[in-house]
Amino acid sequence: MELGGAETSLLGLLEVLEGENISIDLWVSDPRGPLMAHLPEWVNVIDSPKPYQVLERPILTAIKRGCGKIALARLMAKIEFWGYSRSLKCRDESGIFPFVDKWVVRVLPERHSLGHYDIAISYCGFPRMVLDKIDAKMKCAWVHTDYSAIDVCQALEAQVWKRYDTIVCVSEMSRVNFLKVFPQLEPKTVVIENRLPLRYIRTLSDSQIGADVDMANGRIKFLTIGRYCAAKRLDAIPVICQRLIEMGIDLEWWIIGHGATDQYIRDAIEAYGMEARVKLLGKKENPYPYIKACDWYVQPSLYEGRSVTVQEAQALG
């Protein structure tokens with residue numbers, strides 16, 4: 001439960017469901033991150049076996065924690081995706097997850113001991129896990145991404161999506177783009193827009209902003225929040241900032257985020273001489289005071305299903 005759009009929208013969905021006559025078991029495959037502490041008390045968070053906890057951690061970590069089968073499965077997925085991407089000249093590695101999903105599900109332990117559920121939802125992560133490891137009368141999957149902007153192995157993914165009873169897209173445009181790839185799945189798809197946990201967001205936004213920014217320097221404050229990855233285009237911010245300054249706009253640009261490395265962003269900041277203007281603030285457990293304090297929130301992503309951080313900025317004015 002790291003700080004991310006899908007994770008935050010899950011909190012919002014649970015907030016909407018509070019008080020309904022339902023019982024929810026929440027399985028977080030890797031139960032860590034700042035949002036774990038904000039899960040509602042009425043939700044039963046179930047244990048996650050160790051092999052599931054290392055699915056998205058470095059392969060070396062999986063080996064050190066005794067999950068050699070997971071490490072080997074992920075290596076096999078990388079090899080298969082490498083061959084696939086070479087033949088199709090894929091733009092990036094955004095299409096690797098279905099390959100990882102295919103290989104790791106074979107070596108993950110069963111979870112049928114949890115019992116039989118009325119409905120099982122794959123909200124975020126690897127969709128084969130719910131299909132193959134959970135016993136439920138009905139199975140539903142959420143789609144948070146924009147399928148027009150990623151390299152999709154259609155044959156591989158269709159095998160998964162056709163097994164779900166319902167597929168939820170987070171916006172109408174997300175649904176349209178999903179159906180361009182999988183038109184045969186139209187009868188299964190519905191749109192449920194992200195729900196924001198407004199009480200949580202507004203309460204945290206009243207906290208004191210950090211000392212790592214200067215609110216008194218008179219500059220216009222821009223803000224972007226996102227993972228350190230190619231899809232978020234955080235390395236485009238320095239050149240945009242430079243051009244705005246050349247137009248006579250006195251600004252500084254804050255970047256809040258986390259990921260494997262921020263070096264590619266630092267290289268772009270140095271290349272355009274924006275060291276005094278573009279501020280890498282790192283990971284923030286509470287980004288909401290920064291959203292509330294900024295003058296402009298900007299999301300330069302290559303693609304989004306429906307950006308939760310944009311919705312949060314709108315909610316905080």
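R32 is partly exposed, with a relative accessible area of 38%, while D30 is buried at 15% (buried is under 20%, exposed over 50%, partly exposed in between, with a 1.4 Å probe and protein chains only). Their side chains meet in a salt bridge of 2.8 Å, N to O. This is a predicted model, in which local features need pLDDT of at least 70 and side-chain atom pairs 80 or more, while totals for chains, interfaces and linings use all residues. Residues are numbered from 1 along each chain as its sequence is written, and side-chain values use heavy atoms, without hydrogens or water.

**Salt bridges**
- A search of the whole structure finds 17 salt bridges (a side-chain nitrogen of Lys or Arg within 4 Å of a carboxyl oxygen of Asp or Glu).
- R219 and D250 form one of 3.6 Å, N to O. R219 lies in the loop between α9 and β7 (220–225) and D250 in the loop between α10 (237–246) and β8 (251–256), so the pair ties together parts that are 31 residues apart in sequence.
- R219 is partly exposed, with a relative accessible area of 22%, and D250 is also partly exposed, at 37%.
- The side chains of R233 and D235 meet in another salt bridge (2.8 Å, N to O). R233 counts as partly exposed at 29% relative accessibility, as does D235 at 26%.

**Helices, inside and out**
- Helix α7 spans residues 154–161, and its buried residues are L156, E157, A158, V160 and W161 (helices, H or I of at least four residues, and strands, E of at least two, are DSSP runs numbered from the N terminus).
- Those buried residues pack against α5 (97–104), α6 (128–133), β4 (135–143), β5 (166–169) and α8 (172–181), where contact means heavy atoms within 4.5 Å.
- In helix α4 (residues 68–88) you will find L72, which is exposed, with a relative accessible area of 53%.

- The lining of the largest cavity consists of S9, L13, Y123, W142, I192, E193, N194 and R195.

Definitions and conventions: 1 Å grid on protein atoms, 1.4 Å probe; cavity = no way out; pocket = protein on both sides within 12 Å on 5 of 7 lines; lining within 4 Å.
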